[in-house]
Amino acid sequence: MTRKTRRLWIVIACLACISSAAALTLRAFSSNIVFFMAPSQVKANPPSPARTIRLGGMVMAGSLHRITENGAPVNSFNVTDGQAAVEVHYTGILPDLFREGQSVVALGTVQKDGGFTASEVLAKHDETYMPKEVADELKRTGKWDPRFGKAPDAASWDTMTAKKAGG
């Protein structure tokens, strides 16, 4: 083998190793990425039941139901973005700041029936906070323009989404 051929094989081997490392890294990252979705996006293009997502929006007033099963608190409530609503089921204690009419982000999976099973529920930390993704979705859907004041409360959306909440 000539020196030039040997050098070519070394370069090819290095490129193969770098490509393999990059492919493995990207695959590891893609399986750990958790996307944010608004209820209208979930209704329009539901992700696969195996895919974990963050569902964000406002908790619809009057939609919270709490029961106890086998000693564990089971909560169900509807999350809306003003366009659609998704029913969320969560087993566990809700955060102290969780309220109807407030913004919330739930981490979990969409079920085949269109419901959402949350493994974690995050509530806002004060009355001026709204998750960036929720604010962006409100702006995108035309429900809020920050030039005209603070975001609307979720109670004003109930008449638009109450019929859509069940499916």
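A nonpolar core is a set of buried Ala, Val, Leu, Ile, Met, Phe, Trp, Tyr and Cys residues joined through side-chain atoms within 4.5 Å, where buried means under 20% relative accessible area, exposed means over 50%, and partly exposed lies in between (1.4 Å probe, protein chains only). In this predicted model, local features need pLDDT of at least 70 and side-chain atom pairs count only at pLDDT 80 or more, whereas totals for chains, interfaces and linings use all residues. Residues are numbered from 1 along each chain as its sequence is written, and side-chain values use heavy atoms, with hydrogens and water left out.

**Core**
- The largest nonpolar core has 18 residues, of which F77, F116 and V121 touch the most other members.
- Two or more residues of this core come from each of strand 2 (52–59), strand 4, strand 5, strand 6 (103–110) and strand 7 (116–123), strands being DSSP runs of E with at least two residues and helices runs of H or I with at least four, numbered from the N terminus.
- Leaving aside residues up to four places away in sequence, the contacts of F116 (heavy atoms within 4.5 Å) include I53, L55, V86, V88, A106 and L107.

- N75 lies in strand 4 (residues 72–80) and counts as buried because its relative accessible area is 3%.
- A polar atom of the N75 side chain lies 2.8 Å from the backbone oxygen of G92, and G92 is also among the residues that N75 touches, as are L64, H65 and R66.
- T91, in strand 5 (residues 85–91), counts as exposed because its relative accessibility is 53%.
- With residues up to four places away in sequence not counted, T91 touches A72, P73 and V74, while its C-alpha atom is separated by 9.0 Å from that of E120, 29 residues apart along the chain.

**Surface**
- M1, L8, W9 and I12 form a nonpolar surface patch with about 490 Å² of accessible area together, areas coming from the Shrake-Rupley method with a 1.4 Å probe and, for residues, only the protein chains shown counting as cover.
- Such a patch is made of residues with over 30% relative accessible area and no salt bridge, with nonpolar side chains (Val, Leu, Ile, Met, Phe, Trp, Tyr) joined within 5 Å and like charges within 9 Å; a salt bridge is a side-chain nitrogen of Lys or Arg within 4 Å of a carboxyl oxygen of Asp or Glu.
- L8 belongs to helix 1 (residues 3–32) and counts as partly exposed at 48% relative accessibility.

How values were computed. Polar contact = N/O pair within 3.5 Å; in protein donor to acceptor, adjacent residues only side chain to side chain.
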